[in-house]
Amino acid sequence: MVPLTVSELEETARKIRSKIIEMIYHAGSGHPGGSLSSTDILISLYFGNILKFDPRNPKAGKRDRFILSCGHVCPAYYAVLAQLGVFNEDLLLSLRDLGSPLQGHPSLPHADFVEASSGSLGQGLSVGVGKALAMRIKQEKEKVVVLSSDGEQDEGSHWEAVMFAGHHKMENLNLVIDENGMQLGGETMKVLNTEPLVEKYRSFGWEVYQTQGHDFSRLIATFSNFNERKNKPKVAICKTIRGKGVSFMESKERYHACTLSEEEYRKAMEELS
Amino acid sequence: MEKSMRDAFGEAILQLGKTNPKVLALTADVEPSVRLTDFAREFPERFFNVGVAEANMIGIAAGLALEGFIPFCTSFAVFVPGRCFDHLRVSVCQNKANVKLVGSHCGFSNAGDGASAQSVEDMALMLSLPEMTVVCPADGVETRKAVLAAAKKEGPVYLRLSRAETPFITKEGDNFEIGRASILRKGKKVTIIACGSLVAEALVAAEKINAEVINLSTIKPLDEETILSSVKKTGRVITLEEHSVIGGIGSTIAGFLGEKFPLPIKIMGIPDVFGESARNYQELLDKYGLNAENIIKEFEKI
């Protein structure tokens, strides 16, 4: 794929964000806050030549494996895949419809482009570890990338996987944390303080990167490290804004999961046009 | 001859290791207890002790299975579904991942350790999961066959094994198929449907009361045909399990027959209580009447 320029990436992000709003509005429910905060991360992974992936054949043998561990932000994931041409864009508005491949959380039996079903937090990294272990046994050169959220750092079994990956020096495993500072019950620092994340991951044997999560040059430069082998797993902690791109949704609790009113929909779409 | 199911498991997984390079063994730090030591020595690159972290083991197994391997996850029956239920639900079953779950030390068979180590509810949890196959072999011979069959069957399979030494009541030459129950003794007065190590007790009782004995080695999917044709003949049923009477084979069969062929039924199992320590496994079985003598008494009441 020809790399996009930063202004093309920004234009893509604007389009993806308006799709997210449209999808959640039409579905009558969904998670706009995290979807909007993770949009630039997902675009960087898929459009920044980080993930080896063939949109015409998303499950082709030689590919990087991507797992959306924070499955509730799937509107962003689906919109990115549609933009890549994995499926027709018209399908996006079927989000959460009965029988739609675009389930409210990614579901492998419904959508074969999904690497693993998710939605229950704290499991995606374990599954990613399993895939990375399998690829190690099969001697495949490709990598695994798991997207997690800062709220997900509360889950105990996530840290079981962190420990395992560090202990086994899983150099083909990469984690991205969308650190938007909020979870369902409010600010992550107030609900359950998981800081200092950098020191925690380092002490568990991980290589740690930090970046601002809405700057394409920096995101892509950070994620480029995923293509190197460092004899340890890698994590990129990306500082983001929940609801990014829609001014009245930014860092507001209401927009973790909600139904968008017609008024909110109209205002958001105006901002994103 | 007697052998514990876990010894039979250890032998079967070793055999699988030699014949199928896709078979992997995982354990949450109970390697010797589930007899994985030989496999671990023979195939170190295909053996993973994940530490005392059962939930992570299940997630890892899902990832391995989605990449084409056949991982066998081992722990105690009390932990496999109990501690990992949501990982089984989402990462395994909602992916239809080809993961095999081995729960050893089921029921009271870990007698000394008491309530926290005795699984009275694992089948109820496993039976409630869509996509899950639930197998509870009756002896060591059947355990070996069940392990080999589980490896061949695509999709999640739970193998419920006892720690106890159990007599051989099936033979090498007997046919074993997942999803198929077998009639171990023909009889006329009552059908005793049992699973696991208690099938042996059912056979002892059956001699005295002319009972037909069904070894329900697969609980899900249920072999409805074998059950129906037997109960139509005998007209009465006793179910027997080393598990809570809530959500195990008794509930399953009562539900099925209540709809298809209502008839008198006695559900024998562990009442709605947790286990407790005992020096001797048999003491616990006797406390709850899970023996041949009590089967005969219950038969006289229905």
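User: Between which two elements does the loop with Ser251(A) lie?
Analyst: Helices (H or I, at least four residues) and strands (E, at least two) are DSSP runs, numbered from the N terminus. By that numbering, the loop holding Ser251(A) lies between S7 and helix H9 (262-272) of chain A.

User: What kind of model is this?
Analyst: Residues count from 1 along each chain as its sequence is written, while chains are lettered from A and ligands numbered from 1 in the order in which they are written. Local features need pLDDT of at least 70, side-chain atom pairs count only at pLDDT 80 or more, and totals for chains, interfaces and linings use all residues, since the model is predicted.

User: What is phi at Ser251(A)?
Analyst: Most residues other than glycine have a negative phi, and most peptide bonds are trans. Ser251(A) isn't glycine, yet its phi is positive, near 55°.

User: Which residues of chain A does a cis peptide bond join?
Analyst: Look in the loop between helix H6 (188-191) and helix H7 (197-203) of chain A, where Pro196(A) lies. Omega is about 0° there, and the cis bond joins Glu195(A) and Pro196(A).

User: And which residues does a cis peptide bond join in chain B?
Analyst: This one involves Pro221(B), in the loop between strand S12 (218-220) and helix H8 (224-234) of chain B. Omega is again about 0°, and the pair is Lys220(B) and Pro221(B).

User: What is the strand order in the open sheet of chain A?
Analyst: Two strands pair if DSSP finds at least two bridges between them. The edges are strand S1 (65-68) and strand S6 (207-212) of chain A, each pairing on one side only. The 5 strands pair in parallel, in the order S1-S2-S3-S7-S6.

User: Why is H1(A) called oblique to H2(A), and at what angle do they pack?
Analyst: Axes are lines fitted to C-alpha atoms, for helices over the stretch in contact, with angles from 0 to 180 degrees between N-to-C directions. Under 35 degrees counts as roughly parallel, over 145 as roughly antiparallel, 65 to 115 as roughly perpendicular, and the rest as oblique. H1(A) is therefore oblique to H2(A), since helix H1 (residues 6-27) of chain A and H2(A), with axes 10 Å apart, pack at about 140°.

User: Which helix gives the most to the side of chain A that touches chain B?
Analyst: The contact takes 22 residues from chain A and 21 residues from chain B. Helix H4 (124-137) and helix H5 (156-167) of chain A each supply at least two residues of that side of chain A. With 10 residues, the top contributor is H4(A).

User: How many helices and strands does chain B have?
Analyst: Chain A has 9 helices and 7 strands. For chain B the counts are 11 helices and 14 strands.

Note on methods
Two residues are in contact if their C-beta atoms, placed from the backbone, lie within 7 Å.
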